[in-house]
Amino acid sequence: MRAVPVAAQNFHYATGTNHYRVTLDGKITQTVMGQTQDVDMTGMQKITVALAKAAGDTLQMSVTIDSISQVLGELGPMPGIDQAMGKTIKSMLSSNGEFY
C-alpha cells in the first residue's frame, strides 16, 4: 500500500452552546520566615460556552460563569469569588487558534 495525498479540506466550526463542570483539587505550599504551611484547595465551576460564526474564519466565543466556589482548606471559602457568578467573558478566535 502507498499513501495518497489528500486535497485540502474546508474547515468549519461547530457552533452551539454547551455546559461544562470544572473541578479543581490542589495544594498550596507557602513558606514565610522559614515556616511552611500547606493548604488544600478545592473548587468547582459550572460554565456555559457559546460558539457562533463571525466573519470569515473567525469564531465568536462567550464563556459565562453559572456558578463558582473555591475553598482554601481551614481558611474556608475564598472571599468575593461569588462576585464572578453571572459574568460573561467574550472573545474572538481565529482558525489558527489566536484569541483577540
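**Notebook: loops, strands and a core**

I started at Met33, which is found in the loop between strand E1 (16-32) and E2. Strands here are DSSP runs (E, at least two residues), helices are DSSP runs too (H or I, at least four), and both are numbered from the N terminus. I noted that this is a predicted model, where local features need pLDDT of at least 70, side-chain atom pairs count only at pLDDT 80 or more, and totals for chains, interfaces and linings use all residues. Residues are numbered from 1 along each chain as its sequence is written, and side-chain values use heavy atoms, with hydrogens and water left out.

**Met33**

I looked up the backbone of Met33. Its phi is positive, about 50°, although Met33 is not a glycine. Is Met33 buried or exposed? Met33 is exposed, because its relative accessible area is 82%. The cut-offs are under 20% for buried, over 50% for exposed, and partly exposed in between (1.4 Å probe, protein chains only).

**The whole chain**

I counted elements next. The chain has four strands and zero helices. Along the sequence I read the pattern β-β-β-β. Of the 100 residues in the chain, 22% are buried.

**The core**

Which residues form the largest nonpolar core? I listed seven: Ile47, Val49, Met61, Val63, Ile65, Ile68 and Ile81. Strand E2 (35-53) and E3 are the elements that give two or more residues to this core. E3 gives the most, with four residues. A nonpolar core is a set of buried Ala, Val, Leu, Ile, Met, Phe, Trp, Tyr and Cys residues joined through side-chain atoms within 4.5 Å.

I picked out Val49, found in strand E2. Val49 counts as buried because its relative accessible area is 15%. I then checked Val49 against Val63. They are 14 residues apart along the chain, and their C-alpha atoms are separated by 4.6 Å.

**Gly56**

I moved to the loop between E2 and E3, where Gly56 is found. Gly56 is exposed, with a relative accessible area of 58%. Gly56 and Ser95 are 39 residues apart in sequence, yet 9.5 Å apart in space, C-alpha to C-alpha.

**The charged patch**

I ended on the surface. Asp25, Asp38, Asp40 and Glu74 gather there in a patch of negative charge. Patch residues have over 30% relative accessible area and no salt bridge, and like charges are joined within 9 Å. A salt bridge is a side-chain nitrogen of Lys or Arg within 4 Å of a carboxyl oxygen of Asp or Glu. I found Glu74 in the loop between strand E3 (59-72) and strand E4 (88-93). Glu74 is exposed, with a relative accessible area of 86%.

Methods: Patches are made of residues with over 30% relative accessible area and no salt bridge: like charges are joined within 9 Å, nonpolar side chains (Val, Leu, Ile, Met, Phe, Trp, Tyr) within 5 Å. Accessible areas come from the Shrake-Rupley method with a 1.4 Å probe; for residues, only the protein chains shown count as cover. Lys and Arg count as positive and Asp and Glu as negative; His and the chain ends are not counted. The place of a charge is taken as NZ of Lys, CZ of Arg, CG of Asp or CD of Glu.
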